Amino acid sequence: MQLMSINTLTEANRKIVEDFANIFYREKNVRKAFLKYVKEDYIQHNPNIPDGREAAIEMLEPKFSSVSASFDIKRILVDGNLAAIHLHGRFSQDNPGGAVVDLFRLEDGNIAEHWDVFQTVPEKSINPHPMF
């Protein structure tokens, strides 16, 4: 792939991932985000969620659409067909939550595959560096 086409793909996918993140995390509209941007045969690498767009919606909607949940997107990185969203997620305001990185592979303008990593925000840190 030529450099120019990689840059074009990166910018197109950046717009997709930014809009997906806005709908999913800020609007907390899981179904809308998934129907708009996720392939029907979506591959899920989180061992607690089955493959497939509809299965993911069913598993994620109750938690991620909750009024008490909050998601603060810290950064979105996109390179070609790969993207990462780094955020601070909390399912209630009385919980410190965790640092989350969602990794995506895009295909033909849709999210085709997902991985995630999660690190709980500790009460104390042995260094002065913030997690975000």
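Select Arg-105 and Glu-107 first. Their side chains meet in a salt bridge, 3.0 Å from N to O. The term covers a side-chain nitrogen of Lys or Arg within 4 Å of a carboxyl oxygen of Asp or Glu. Glu-107 has 29% relative accessibility, so it counts as partly exposed.

A word on the model: it is predicted, local features need pLDDT of at least 70, side-chain atom pairs count only at pLDDT 80 or more, and totals for chains, interfaces and linings use all residues. Residues are numbered from 1 along each chain as its sequence is written, and side-chain values use heavy atoms, with hydrogens and water left out.

With Arg-105 and Glu-107 they are linked in a network of salt bridges. Over the whole structure, a search finds 10 salt bridges.

Go to Glu-61 and Arg-31. They form another salt bridge, with the closest N and O atoms 3.9 Å apart. Glu-61 lies in helix H3 (residues 53–64) and Arg-31 in helix H2 (residues 30–37), so the pair ties together parts that are 30 residues apart in sequence. Helices (H or I, at least four residues) and strands (E, at least two) are DSSP runs, numbered from the N terminus. Glu-61 is partly exposed at 26% relative accessibility. Arg-31 is partly exposed too, at 30%.

Next, pick Lys-32 and Glu-27. Here the closest N and O atoms of the salt bridge are 3.8 Å apart. Lys-32 is partly exposed at 39% relative accessibility. Glu-27 is partly exposed at 42%.

Switch to the rings. The count comes to 12 aromatic pairs. Rings of Phe, Tyr and Trp (its six-membered ring) pair if their centres lie within 6.5 Å; planes under 30 degrees apart count as stacked, over 60 as edge-to-face and the rest as tilted. Select Phe-34 and Tyr-42. This pair is edge-to-face, 5.5 Å centre to centre, with 85 degrees between the planes. Phe-34 and Tyr-42 are both buried.

Then show Phe-64 and Phe-71. Their ring centres are 5.2 Å apart and their planes at 15 degrees, so the pair is stacked. Phe-64 is buried at 15% relative accessibility. Phe-71 is buried at 11%.

The charged end of Lys-63 sits over the ring of Phe-91, 5.2 Å from its centre. That label requires NZ of Lys or CZ of Arg within 6 Å of the ring centre and within 35 degrees of the ring normal.

Last stop: the largest pocket. Its volume is about 560 Å³. On a 1 Å grid over the protein atoms alone, a pocket is an open set of points where a 1.4 Å probe fits, with protein on both sides within 12 Å along at least five of seven lines; lining residues have an atom within 4 Å of a point. Select Asn-46, Leu-60, Phe-64, Phe-91 and Asp-116. Of the 29 lining residues, these are the closest to the centre. Colour strand S5 (110–120), which supplies the largest share of the lining, five residues. By class, the lining has 18 nonpolar, seven polar and four charged residues.

Conventions. Buried < 20%, exposed > 50% of the residue type's maximum accessible area, 1.4 Å probe, protein only. Points joined across faces, edges and corners; volume = space filled by probe spheres on them. Nonpolar A, V, L, I, M, F, W, Y, C, P; charged D, E, K, R; others polar.
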